[in-house]
Amino acid sequence: MIATAQGGQALKIWLKDRAENSDSANFAQINLRFDNSAPNPPSIIADPSHTPRISWSNHNTPYLTWSAPADPGGSGVAGYEGQIDGGSWNTVVSPWHLDELRDGTHTVRLRAIDRARNVGNYDEAGFWIDT
């Protein structure tokens, strides 16, 4: 059985002997669910007293939180990845404490990954550091 459609599929298994006798009424059933849909982007929430979103800050070790996105495929969000200034994507948890940043402009991106390993689009926040 090859099933790639979104949603559920049932796989029924029964035995057949060497004489080709089988009893399809007595079977084992395995229910499978397929999730081909990426989760929605999380919504970054910045604490305005510490990390204003799209604004100046004198804190060079900002932290971000976010609201959990919906996962239309149904497998549920497994985790998050973050990116700073176009660098590599790394696993992050909320609250995400960013390492000490140099003065200047910075862009942070955050995306969700569901249990089926579908990667969603990202939300983005920009801020400027001036210590």
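Reader: So, how many bridges join strand 6 to strand 9?

Author: Seven bridges join strand 6, residues 77-84, to strand 9, and the two run antiparallel. Strands here are DSSP runs of E with at least two residues, numbered from the N terminus, and two strands pair if DSSP finds at least two bridges between them. Before we go on: this is a predicted model, where local features need pLDDT of at least 70 and side-chain atom pairs count only at pLDDT 80 or more, while totals for chains, interfaces and linings use all residues. Residues are numbered from 1 along each chain as its sequence is written, and side-chain values use heavy atoms, with hydrogens and water left out.

Reader: Thanks! Which residue of strand 9 does Ile84 stand opposite?

Author: That is Val108.

Reader: And what is the order of the open sheet?

Author: The five strands are ordered 4-10-9-6-7, with mixed pairing. Strand 4 (56-57) and strand 7 (90-92) stand at the edges with a single partner strand each, so one side of each has no neighbour in the sheet.

Reader: Zooming out, how many helices and strands are there in the protein?

Author: There are zero helices and ten strands.

Reader: What share of the residues is buried?

Author: Buried residues make up 31% of the 131 residues. Buried means under 20% relative accessible area, exposed means over 50%, and partly exposed is in between, using a 1.4 Å probe and protein chains only.

Reader: Which residues touch the most other members in the largest nonpolar core?

Author: Trp96 and Leu98 do, out of 14 residues in that core. A nonpolar core is a set of buried Ala, Val, Leu, Ile, Met, Phe, Trp, Tyr and Cys residues joined through side-chain atoms within 4.5 Å. The elements giving two or more residues to this core are strand 5 (63-67), strand 9 (104-114) and strand 10 (119-129).

Reader: What does Trp96 touch, leaving out residues up to four places away in sequence?

Author: Its contacts (heavy atoms within 4.5 Å) include Pro62, Tyr63, Leu64 and Trp66. Among them are also Gly82, Gln83, Ile84, Val108 and Arg109.

Reader: New topic: how many aromatic pairs does the structure hold?

Author: Two. In one, the rings of Trp89 and Tyr122 have centres 6.2 Å apart and planes at 45 degrees, so the pair is tilted. Rings of Phe, Tyr and Trp (its six-membered ring) pair if their centres lie within 6.5 Å; planes under 30 degrees apart count as stacked, over 60 as edge-to-face and the rest as tilted.

Reader: Where do those two residues lie?

Author: Trp89 is in the loop between strand 6 and strand 7, and Tyr122 is in strand 10, so the pair ties together parts 33 residues apart in sequence. Trp89 is partly exposed at 24% relative accessible area, and Tyr122 is partly exposed at 38%.

Reader: What lies over the face of Trp89?

Author: Arg111 does, at 3.8 Å from the ring centre. The cut-offs for a charge over a ring are NZ of Lys or CZ of Arg within 6 Å of the ring centre and within 35 degrees of the ring normal.

Reader: Last one: where is Ser37?

Author: Ser37 is in the loop between strand 2 (28-34) and strand 3 (43-46), and is partly exposed at 26%. Ser37 and Gly120 are 83 residues apart in sequence and 8.5 Å apart in space, C-alpha to C-alpha.

Technical notes. Helices (H or I, at least four residues) and strands (E, at least two) are DSSP runs, numbered from the N terminus.
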